Amino acid sequence: RYFMQPRHLVAGVIVLKGLGGFLFVFGSPVGAYLLLTYLALSSPILYNFYDYDRDESKYFVLLNEFLQSVALFGALLFFIGMKNLIPNRQLKKKTPKAKDYLKTVIPSQLVSDRGSNLVVINPGSANIRIGLATQDAPLNIPHCIARYTNQIPKFKVQDQMLNSQITTVQHMEREKAYDIIASLLKIPFLDEEVANNSFPRKIGRADGYNPQSGRGVAFQWANVYEQDTNSSLALGSSKNEGTSGEYVKKHEGTDAEGISSGEHKFRGHIFGEEALRISPTEPYCLSRPIRRGHFNISQHYPLQQVLEDIHAIWDWILIEKLHIPHSERNMYSVILVLPETFDNREIKEMLSIALRDLRFSSAVVHQEGLAAVFGNGLSTACIVNMGAQVTSVVCVEDGVALPSTEKTLPFGGEDISRCLLWTQRHHQTWPQVRTDMLTKPIDLLMLNRLKESYCKIKEGELDAVTVVHSYEDGMPAGSHKTRLTALNVPPMGLFYPTLLVPDIYPPPPRSWFHDYENMLEDTLHLEYPRRPDMSDGLFPGINVGYPMWESYPIFPSKPKKEEKVGLAEAITSSILSTGRIDLQRKLFCSIQLIGGEALTAGFISAVEERVLHAIPSNEAIDTVEVLQSRTNPTFVSWKGGAILGVLDFGRDAWIYREDWIRNGIHVQSGRKYKDSYYLQAQATCYINS
C-alpha cells in the first residue's frame, strides 16, 4: 500500500512548475522559490544521466538537460539575491537624495521644515546670541546676571578684584603706539599742539553711520523691585514658577525671605542689559560667567556658581524670550556654536548644561570660525572673529578648520571703548564726570554706543559733537554736550595692542583645564568626574566631596596660548602657517571679518593695507582681499550654526541627553565625541556640487 501514488507526485510537480512560472513572470520571489524546489526535486529524477554509460546515446542527451536545469537553478538564485539587494540600495540612496532635495528646495522652505525645533546658542564673553534656526536674526543679550545679596562687605561686580592698574611702562608704550598711529592717520601726535602742526589739517565730521543707534538717548537705571504679582510679567508667574527663586536660595549669603525694602520686594536676580543698568547703590552683585573667552573662574567666583549662572541666564532666555518651557524642551535640539578659545572641560560643561540642566533632547558643537564660513556660503577662508573681549583667527580649507592656524588675541571691542575714554580724557574733551566702566557697567553701555556711532578709520582729524551722559548713584542721567576728538585712533588699537592695555584678570586654577580627554580627537572612552552638586546615581564611583578641579587627574596637555601681537601680524602668521603657497594665496584673498568690530567704517581697507605690509618680503604674496559679509557680521557665526543644523549633515556628531547623562559620551560608540573639525567636509562637498 503506497502512501503517495505516482499521480500525486506528477500533480505536485505540475503545480510547482506551473504556479512558480506564473508568479515568476510577475517578478515574485515566491515563484522563484517554487521553481527552485521543482528543479531540486525533479532534475535528478527526470535527467538520470548517471544510470547510463558514456557509450550510450541517451547519456549526453540527459546530461545536457541536467546541466540546463543547473544553469536555470543558478539564474533563479541570482534573481532572488538581486531582489533582496535592491531594497538595501534604496535605503543607502536616501542620503544622496537629500543632496537633490537641497538643490531644488526653496531655502525658506528648507529652514521651515527642519529648523523649527532647533535652538542655536552662540555664547560669548560679553553677549549671547540665541534663537530658533527659523529666525532671520538671533536675540543679542548681554551675557550677565545680577543677584540680590546682603553680604557685607558687598561686591558690586564679581570682577572687582581684577588688576586694572596701568604701570608706567604700559603708559609709555601706549603713548608710543598713539604716536605711531597718529603718523599713519596724519593727525597731531599725542602731546603736540595743533598750532605747531606742519601739515594741513584734514577735519571730518563723524555724524554716526547707524541712525538707529539712538545715541542721543540716555540709559535709564533698572527697576530692581518686583512688579505686581497679579501682572502677567511678574517673576512669580506660573510660567516662571520654579526658576525665579531657585537660584536665589542657592546663592550664598542670600536670604530669600528677606529681600524686601519697606513695601517693595527686591527681585531675586536680573538678567541681560537690565542687569548692567542697576545702580551701584542697590544691593546686587553683577556676575559675568565668561571672561576673555574662558569661564570666569577665580577665588571670588567659584566654578559651581559660574555654571549655575550660565544655566540661569540661558534658562531665563528660553522661557521669557523664546517661550520654550521645561515641559517642551525634550522636543528641541540645541546647536552650540562655541568660540575656539574654550578648553575641552569648558565645552563639556556647556554640553552638560544644555543636555542635563536645560533638558534638550540632543546637542551638537560647532566652532565659531567654521560656522562663519557656512554662514557666508564659503568653503575656504581666513576667519577673523573680533569679539568684545577676545579676537581669534583660524583658517578653514574646504569646510575643514585647520587647528594649527588658530591664533587668540586677548583684546576686543570693549578694550576699544576703554581706549576711547582714555583718549578723550587725555585730550581733555571728556566732561568732568565720574565714568567707571568697572563699577558702573552702565557707563560701558554708553561708551560702546559712542564707539559704534562715531569711531571709524580714515585719514585726517576726526571730531564729532555729541552728548555724553553721566550716571551718578541713584540719580537721573545728566547730559553734557562735548566735542570728541581723535575718533579714528581707538579702532587702530587692534593693530597696535599696546594702545589698548587690556585689563588683566586673575588666572583661574588652570590645572582644572588640563584635560586627558581631547574632544577633538578620536580616543577611547574614559569616565571623568562631575560637579559636586550632581547625584551619585548619575555618576557612580565619583568622589563628590571635593571641588571639581581637585578630583580631576592631570595629564600633559597643550594650553591655548594667547598671542602678544597685533591683528595684522596674527592674520599673516595664521595663513603662512599652512605651509602651501597655493592655499596661502587663496586665504590672503579670502579674509572674512566677523564680530561687532567688523562694522567699523574703513576697517576693511585698513586690514587689507596692514596685512599686506605685514607679509614678509620673501613671500610670493602680493594681493590681500577682505570679502564682504553676506549677512550681519555680528550674527554670521550664529547663522552658520543654524545652516549646519538645518542641513543636518554629519548626524554622528549629535549627542543625546540620555547618553550624555549616563556616560558623558555616546553609549557603546567606542570613541570620543568629535568636534566639527572634520565632520563638515562632506557637507561642503554637497554644497559645492
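A nonpolar core is a set of buried Ala, Val, Leu, Ile, Met, Phe, Trp, Tyr and Cys residues joined through side-chain atoms within 4.5 Å. This report uses that idea to read a predicted model.

## The chain as a whole

The protein chain holds 19 helices and 22 strands. It has 689 residues, and buried residues make up 50% of them. The chain exposes about 32900 Å². Carbon and sulfur atoms supply 54% of that area. Among contacts between residues at least 6 apart in sequence, 71% join residues at least 24 apart.

## The largest core and helix 14

The largest nonpolar core has 47 residues. Within it, F495, L567, I571 and I591 touch the most other members. Several elements give two or more residues to this core: helix 6 (168-185), strand 14, strand 15, helix 12 (413-426), helix 14, helix 15, strand 20 and helix 16. Helix 14 provides the largest share, six residues.

Eight of its ten residues are buried, so helix 14 is largely enclosed by the rest of the structure. The buried ones are L567, A568, A570, I571, T572, S574, I575 and L576. What do these buried residues of helix 14 pack against? Their partners are strand 14 (381-386), strand 15 (391-397), strand 17 (407-409), helix 15 (581-588), strand 20 (591-594) and helix 16 (603-614).

An α-helix has 3.6 residues a turn, so residues three or four places apart point the same way.

S574 lies in helix 14, which covers residues 567-576. Is S574 buried or exposed? Its relative accessibility is 0%, so S574 counts as buried, the cut-off being under 20%. The side chain of S574 reaches the backbone oxygen of T405 at 2.6 Å. Beyond residues up to four places away in sequence, S574 touches V393, V394, C395, T405 and K407.

Leaving out residues up to four places away in sequence, I591 touches C382, V384, I571, I575, V611, V624, E625, V626 and L627. Two of these names, I571 and I575, are also listed among the buried residues of helix 14.

A second, separate core has 41 residues, including I128, M350, A354 and L355.

| Residue | Element | Relative accessibility |
|---|---|---|
| I310 | helix 9 (residues 303-321) | 0% |
| G645 | helix 17 (residues 636-647) | 6% |
| S362 | strand 13 (residues 362-367) | 2% |

Take I310 to begin with. I310 and I145 are 165 residues apart in sequence, and their C-alpha atoms are 8.7 Å apart in space. Leaving aside neighbours within four places in sequence, I310 is in contact with P289, F295, M350 and I353. M350 is also a member of the second core.

G645 and A133 are 512 residues apart along the chain, with a C-alpha to C-alpha distance of 7.8 Å. G645 is in contact with L118 and I335, neighbours within four places in sequence being left aside.

S362 makes a polar contact. What distance separates the side chains of S362 and S333 in it? The value is 2.7 Å. Not counting residues up to four places away in sequence, S362 touches Y332, S333, V334, L355, W654, I655 and Y656.

## Loops and surface

Two loop residues have a backbone angle to check. K186 has a positive phi of about 60° although it is not a glycine. K186 is found in the loop between helix 6 and strand 5 (203-205). Its relative accessible area is 42%, so K186 is partly exposed.

D398 also has a positive phi, about 50°, although it is not a glycine. D398 sits in the loop between strand 15 and strand 16 (400-401). With a relative accessible area of 40%, D398 is partly exposed.

At the surface, V15, L19, F22, V25 and F26 form a nonpolar patch. Together they have about 550 Å² of accessible area. V15 lies in helix 1, which covers residues 6-25.

Technical notes:
Residues are numbered from 1 along each chain as its sequence is written. This is a predicted model: local features need pLDDT of at least 70, side-chain atom pairs count only at pLDDT 80 or more; totals for chains, interfaces and linings use all residues. Side-chain values use heavy atoms; hydrogens and water are left out. Patches are made of residues with over 30% relative accessible area and no salt bridge: like charges are joined within 9 Å, nonpolar side chains (Val, Leu, Ile, Met, Phe, Trp, Tyr) within 5 Å. Accessible areas come from the Shrake-Rupley method with a 1.4 Å probe; for residues, only the protein chains shown count as cover. A salt bridge is a side-chain nitrogen of Lys or Arg within 4 Å of a carboxyl oxygen of Asp or Glu. Helices (H or I, at least four residues) and strands (E, at least two) are DSSP runs, numbered from the N terminus. Buried means under 20% relative accessible area, exposed over 50%, partly exposed in between (1.4 Å probe, protein chains only). A polar contact is a pair of N or O atoms within 3.5 Å; within protein, one must be able to donate a hydrogen and the other to accept it, and residues adjacent in sequence count only if both atoms are side-chain atoms. Contact means heavy atoms within 4.5 Å.
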